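Please follow the chain below strand by strand and then helix by helix, with the sequence alongside the coordinates.

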Amino acid sequence: MPRFLTLTDVAEELQVSMAQARALVRSGELPAIQIGGRGQWRVEQVKLDEYIEDLYAQQAAKAEARKAGAPQTEDA
C-alpha cells in the first residue's frame, strides 16, 4: 500500500465525492500536504486511518451521551 494517497484515492476510500474530500483537506479536518509545482494534495495513509478512527470515537461518544441522557448538541 502506498504511503501517500491522492484526493481521488481518499474520496474512493471514504466513498465521498472529490469535492467533499477536497473540503476535508482544505478545512484542515483531514491533514494533507501539497506537493509539486501544481500543488497537488497528498494524504498520508496513516493520517487517513487516524481520521477514520477519530470519527468512530466521536460517534461512540455521541452514542454514550445519548444512553446517559445527556443533551444532544449536533447531528445525533
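Gln34 has Trp41, a residue of strand E3, as its bridge partner, and the neighbouring bridge listed for E3 joins Ile35 to Gln40. These residues belong to strands E2 and E3 (residues 40-44), which pair in the antiparallel sense over three bridges; two strands are taken to pair if DSSP finds at least two bridges between them. Helices (H or I, at least four residues) and strands (E, at least two) are DSSP runs, numbered from the N terminus. This is a predicted model, in which local features need pLDDT of at least 70 and side-chain atom pairs count only at pLDDT 80 or more, while totals for chains, interfaces and linings use all residues. Residues are numbered from 1 along each chain as its sequence is written, and side-chain values use heavy atoms, with hydrogens and water left out.

The hairpin of E2 and E3 has four residues between the strands, and Gly36 there takes a positive phi near 85 degrees.

Helix H1 (residues 7-14) packs with helix H3 (residues 45-68) at an angle of about 30 degrees, their axes being 12 Å apart. The two helices H1 and H3 are therefore roughly parallel to each other, a label for angles under 35 degrees, whereas those over 145 count as roughly antiparallel, 65 to 115 as roughly perpendicular and the rest as oblique. Val10, Glu13 and Leu14 of H1 make the contact with Gln45, Leu48, Asp49, Tyr51 and Ile52 of H3, where contact means heavy atoms within 4.5 Å.

H1 has a further packing partner in helix H2 (residues 18-27), the two axes coming within 9 Å and crossing at roughly 110 degrees. That makes H1 roughly perpendicular to H2. On the H1 side Leu7, Thr8, Val10, Ala11 and Leu14 take part, and they meet Met18, Ala21, Arg22, Leu24 and Val25 in H2.

UniProt, in an unreviewed entry, places the feature "domain: Helix-turn-helix" at residues 4-54; its positions are given in the numbering used here, feature names are shortened, and annotations may be inferred rather than shown by experiment. Over residues 4-54 the chain is 55% helix and 20% strand, with the end C-alpha atoms 19 Å apart.

Notes
Axes fitted to C-alpha atoms, helices over the stretch in contact; angles between N-to-C directions.
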